[in-house]
Amino acid sequence: MTVAGSDDWRRPPLPALLVAILLIACAEVGGASMVKFKLELTRWARSVILARPATHGLVGVRDVDEQVIDEAMVKFDAALRLFHLHAEGMGLVIIATTMTAATLVRSDGARRAVVVLLSAGGAGYPVGYLLWSALIPYYGVEAAKTIAERVIWIPFGGATIAATWWLTALVALRLARRS
Amino acid sequence: MRRPPLVVILLGLFVIALGETAGAVISQFRPQVARHAMARVAANPQVHGLAGSAEYDAEVTARAVYAVEAGLSFFHTHAQGLGPLVILVGTIGASVVPWRRARGALFALLAVGALFPLGYLAYSVAVLERGRESGIEMAERYVLTPLGSALILGLVALAALIVTGRRRGPAA
């Protein structure tokens, strides 16, 4: 830790760093798994979709059904990719923003709240893409998206957005006071 | 590690916050964004080359809407990536560059380069108002290229300053 008021960074709380590193690790594992188990994942999703024809609007006509399945599979794959991308990105965002909060936010309460919101929100949000992907074969693209939005994206994404703007405002205030 | 000036950190945070908000907007208001884009294309028939043929016009409109959505998506991803990058590179500059003026120039380049993702917002607006091809060209020439060049220049300058600092060694 450094002396308050110096121009050095303070490190964020260890749990925040741990969350960020685990998130980046999950993203890397997710990316590798998408490549390694592509065939198995595709087979699994396809079999679950075929077992739920009514959910996906399958009509028993091969040409029509294949198009519907293809669209669901594209979204299933896209959601996994988005998990990979967002988890990598949010891991870095958590590190950069919590480090900023630890260094520049003077009030203990505000600092703690910003760090908790950034860590929890940033770590939870990418999981929404994993959930969306996992639910697509069971509930269809749109219904799965609605569940992921309500359960994860809106609360966790909202927490991240609110905390980032809060932190931005606090840093802007500090800059304005200094000048 | 030393931190960069507050203004560089603020710009990095501002860009991250904009990127996160843009992601939410793209996700939650996609139909509204598409409707607005289609309305703007219809309001600017000449710049988009609409010919009055329903089939052709629908294709032109769809391509313009796709370009607008792509611009917003690029804005989201670049802002999320560039915000932390500016803070990180600023930290390296503040920690390893011993010369005050060189550090100042580096921070100025980073501060300008941090605004690069906003070029993709300009890209989306320009596509709607100037037509797809000329809008993209305009955004690239007047916004994306200058801002991106500032960032590239900043990164190259930092690398050069690190090398120079190492060569000078203890004298620096």
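A residue is termed buried when its relative accessible area is under 20%, exposed when that area is over 50%, and partly exposed in between. The legends below describe a predicted model.

**View 1. Overall fold and dimensions of chain B.** By the cut-off given above, 43% of the 172 residues in chain B are buried. The secondary structure of chain B consists of seven helices and zero strands, which follow one another along the sequence in the pattern α-α-α-α-α-α-α. The C-alpha trace of chain B spans about 75 × 30 × 20 Å along its principal axes. The radius of gyration of chain B is 20 Å, whereas a compact globule of 172 residues would have a value near 16 Å. Of the contacts in chain B between residues at least 6 apart in sequence, 78% join residues at least 24 apart. Chain B exposes about 8800 Å², and carbon and sulfur atoms supply 64% of this area.

**View 2. The interface between chain B and chain A.** Here 23 residues of chain B are in contact with 26 residues of chain A. The area buried between the two chains is about 2200 Å², with carbon and sulfur atoms giving 68% of it. B:Arg3, B:Leu6 and B:Leu13 together supply 31% of the area that chain B buries against chain A, more than any other three residues.

**View 3. The salt bridge between B:Arg3 and A:Asp7.** One salt bridge is counted between chain B and chain A. It joins A:Asp7 to B:Arg3, and the closest N and O atoms are 3.4 Å apart. B:Arg3 is also one of the three residues that together supply 31% of the area chain B buries against chain A.

**View 4. The surroundings of B:Gln80.** B:Gln80 lies in helix α4 of chain B, which covers residues 54-96. Because its relative accessible area is 11%, B:Gln80 is classed as buried. Apart from its neighbours within four places in sequence, B:Gln80 is in contact with residues of both chains: A:Met90 and A:Val93 in chain A, and B:Ile16, B:Gly19 and B:Glu20 in chain B.

**View 5. A nonpolar surface patch on chain A.** A:Trp44, A:Tyr138 and A:Tyr139 make a nonpolar surface patch of about 290 Å². Of these residues, A:Tyr139 is placed in helix α5 of chain A, which covers residues 108-139. A:Tyr139 has a relative accessible area of 44% and is therefore partly exposed. This value meets the requirement for patch residues, because they must have over 30% relative accessible area.

Conventions. Residues are numbered from 1 along each chain as its sequence is written. Chains are lettered from A and ligands numbered from 1 in the order in which they are written. This is a predicted model: local features need pLDDT of at least 70, side-chain atom pairs count only at pLDDT 80 or more; totals for chains, interfaces and linings use all residues. Side-chain values use heavy atoms; hydrogens and water are left out. Patches are made of residues with over 30% relative accessible area and no salt bridge: like charges are joined within 9 Å, nonpolar side chains (Val, Leu, Ile, Met, Phe, Trp, Tyr) within 5 Å. Accessible areas come from the Shrake-Rupley method with a 1.4 Å probe; for residues, only the protein chains shown count as cover. A salt bridge is a side-chain nitrogen of Lys or Arg within 4 Å of a carboxyl oxygen of Asp or Glu. Helices (H or I, at least four residues) and strands (E, at least two) are DSSP runs, numbered from the N terminus. Buried means under 20% relative accessible area, exposed over 50%, partly exposed in between (1.4 Å probe, protein chains only). The radius of gyration is taken over C-alpha atoms; the globule rule is 2.2 Å times the number of residues to the power 0.38. Contact means heavy atoms within 4.5 Å. Buried area is the accessible area (1.4 Å probe) that two parts lose on being put together, summed over both.
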